[in-house]
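Here are my notes on the structure you sent.

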Amino acid sequence: MAYTGANGSFTIAGYTGVVRDASVEISRDVLDTTDLGSYSRTFTPGLIGATGSATFIYEAAVKASIIDNVLNVESSRDTPVAVTLTVGTGQTITGNVFITQVGTTVSVGDVTSTNVAFQFTGAPS
């Protein structure tokens, strides 16, 4: 069964706007534990990390609540923001993130959009 984004939602820094797309990538490092003289590598699980991105259809609230965060406004400099991605199946990924990149795209014949990238701090759930 296929699911569409029509049933999903995305919220960052308390802002739920019109979102074109959103993604969260969760990864786990592996640590090499191979002994000297071994001919086959061995590994053990390492740290878990997650990153993500979203494309908002541009609204004034994006500038106020998201762009200011990445510009290190005093009130948000060291404080991560909450993010929630809900997919069409009802599965939700939540966590705290630092916004790492914000950009705006304008194309002929299309609406202005704002791209946001973020890094999770702590484990997503």
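1. First, the term. A salt bridge here is a side-chain nitrogen of Lys or Arg within 4 Å of a carboxyl oxygen of Asp or Glu. Note also that this is a predicted model.

2. By that criterion, the structure holds 1 salt bridge. Asp32 pairs with Arg41, and their closest N and O atoms are 2.3 Å apart. Side chains of opposite charge can pair when their charged atoms come close.

3. How accessible are the two partners? Asp32 is partly exposed, at 42% relative accessible area. Arg41 counts as exposed, with 58% relative accessibility.

4. Now the sheet. It is open and built from 6 strands, in the order S1-S4-S5-S6-S3-S2. The pairing is antiparallel. Strands S1 (9–12) and S2 (19–32) stand at the edges. Each has a single partner strand, so one side of each lacks a neighbour in the sheet. On average, neighbouring strands are turned by 30° against each other, direction ignored.

5. Which strand pairs with S5 over 9 bridges? Strand S6 (residues 113–121) does, in the antiparallel sense, with S5 spanning residues 92–105. Val97 has Phe120 in S6 as its bridge partner. Gln101 stands opposite Ala117 in S6.

6. Strand S4 (residues 81–86) also pairs with S5 in the antiparallel sense, over 6 bridges. Ala82 stands opposite Asn96 in S5. When inspecting side chains here, recall that in a regular strand they alternate between the two faces of the sheet.

Notes. Residues numbered from 1 in each chain as written. Predicted model: local features only at pLDDT ≥ 70, side-chain atom pairs only at ≥ 80, totals over all residues. Heavy atoms only, no water. Buried < 20%, exposed > 50% of the residue type's maximum accessible area, 1.4 Å probe, protein only. Pairing = 2+ DSSP bridges. Helix = DSSP H or I, 4+ residues; strand = E, 2+ residues; numbered from the N terminus. Axes fitted to C-alpha atoms, helices over the stretch in contact; angles between N-to-C directions.
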